Structures are given as C-alpha cells and as structure tokens.
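Subject: Handover of a structure and its description

Dear colleague,

Please find below the structure that I am handing over to you.

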Amino acid sequence: FESSKLINKAVVSTQSTGDPLGKQGVRVYQDAKKHYEYWSRELADGSYAVVMYRRDTSGLPRPYTATFKQLNLPFSSANVRDLFKHMDLGVYTDKITATLPPSGSCKMFRLTPVKGEEPVLA
C-alpha cells in the first residue's frame, strides 16, 4: 500500500504537529460511569477538532449528543465536517450528535464557526 492511502490528512492536520497553533486536545466531558467522553482542541484557523469516544464494550450502536457548551466552543453555530468520512455535514447549532458502536469507537469532526457570528463569552 502507498502510505498516502493509509494516512488521513484531515485528521493529521488537526494534531499538534500538523496545526501551527500547537494546542493539545483536552478531555472536556466524561460521563459518571466513564462509558464515553468528549475531547476538544482549538485550531489555528479558529475551528475546533472534536472527538466523541465511546469506551464501553456492551450493547448496540447508540447516539451520543455533545452540546457546544460541553465542548467549550466559543460559538453556537458551526459548519461540521466528519474527518473520517471526508464529508461536510452542514450547519449545526448548539449541539452535535453522532452514533457510536461499542468497543472503543470514536468519531472525529472539525467544527468551524459560521462566518459573522459573534463569539459566545463563557
């Protein structure tokens, strides 16, 4: 295989080595039973990388919803891109939902604030 086919450039661009801002991702939420968690990282262009990670290994796929407040995002509307599927998902407001199968699975997104929106102050 060619290495270019094994590397997801969209994901690499959000890592501290691929983004000039160089900030580290932070776990911003974990449920009480530690079955799932959300991670967020600010990027140099003002967008955020978000990971929704399911830790438990039982059950069926289920939806998980993270509010922008839980993710510490300074905006309420964002253009959302699924980094694994290389697909724009549209504009989301105040929350994002993803269906995750069990067994340590995750989804990764890039959330870019809608142009012209004023930052939300915490």
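The notes below describe the chain as a whole, then its sheet, its core and some single residues.

Please note that this is a predicted model, in which local features need pLDDT of at least 70 and side-chain atom pairs count only at pLDDT 80 or more, while totals for chains, interfaces and linings use all residues. Residues are numbered from 1 along each chain as its sequence is written, and side-chain values use heavy atoms, with hydrogens and water left out.

**The chain as a whole**

The protein chain contains two helices and eight strands. Helices (H or I, at least four residues) and strands (E, at least two) are DSSP runs, numbered from the N terminus. Along the sequence, their pattern is α-α-β-β-β-β-β-β-β-β. The chain has 122 residues, of which 32% are buried. Here, buried means under 20% relative accessible area, exposed means over 50%, and partly exposed lies in between (1.4 Å probe, protein chains only). The chain exposes about 7,600 Å², and carbon and sulfur atoms supply 54% of that area; accessible areas come from the Shrake-Rupley method with a 1.4 Å probe, and for residues only the protein chains shown count as cover. Among contacts (heavy atoms within 4.5 Å) between residues at least 6 apart in sequence, 59% join residues at least 24 apart.

**The sheet**

Six strands form an open sheet with antiparallel pairing, in the order β1-β2-β3-β8-β5-β6. Two strands pair if DSSP finds at least two bridges between them. Strands β1 (26–30) and β6 (87–93) stand at the edges with a single partner strand each, so one side of each has no neighbour in the sheet. On average, neighbouring strands of this sheet are turned by 25 degrees against each other, direction ignored. For this angle, axes are lines fitted to C-alpha atoms, for helices over the stretch in contact, and angles run from 0 to 180 degrees between N-to-C directions.

Strand β8 (residues 106–113) pairs with β3 (residues 48–54) over six antiparallel bridges. Within this pairing, V51 has M108 as its bridge partner, and M52 has K107. Strand β8 also pairs with β5 (residues 77–82), again in the antiparallel sense, over five bridges; there, R110 is the bridge partner of R81.

**The nonpolar core**

A nonpolar core is a set of buried Ala, Val, Leu, Ile, Met, Phe, Trp, Tyr and Cys residues joined through side-chain atoms within 4.5 Å. The largest one has 18 residues, and M52, I96 and L111 touch the most other members. Two or more residues of this core come from each of β2 (36–42), β3, β4 (62–67), β5, β7 (95–100) and β8. Beyond its neighbours within four places in sequence, M52 is in contact with several residues, including Y64, I96, L100 and F109.

**Residues in and beside the loops**

Which residues does L73 touch, not counting those up to four places away in sequence? They are S40, Y48, F68 and L111. L73 is in the loop between β4 and β5 and counts as buried because its relative accessibility is 8%. F68 is found in the loop between β4 and β5 and, at 2% relative accessibility, counts as buried. The C-alpha atoms of F68 and D94 are separated by 5.2 Å, although the two residues are 26 apart along the chain.

D94 itself lies in the loop between β6 and β7 and is partly exposed, with a relative accessible area of 44%. Its phi is near 70 degrees, a positive value in a residue other than glycine. H86, in the loop between β5 and β6, has a positive phi near 55 degrees. Most residues other than glycine have a negative phi.

Finally, S77 is located in strand β5 and counts as buried, at 15% relative accessibility. The side chains of S77 and T93 are joined by a polar contact of 3.3 Å. A polar contact is a pair of N or O atoms within 3.5 Å; within protein, one must be able to donate a hydrogen and the other to accept it, and residues adjacent in sequence count only if both atoms are side-chain atoms.

With kind regards
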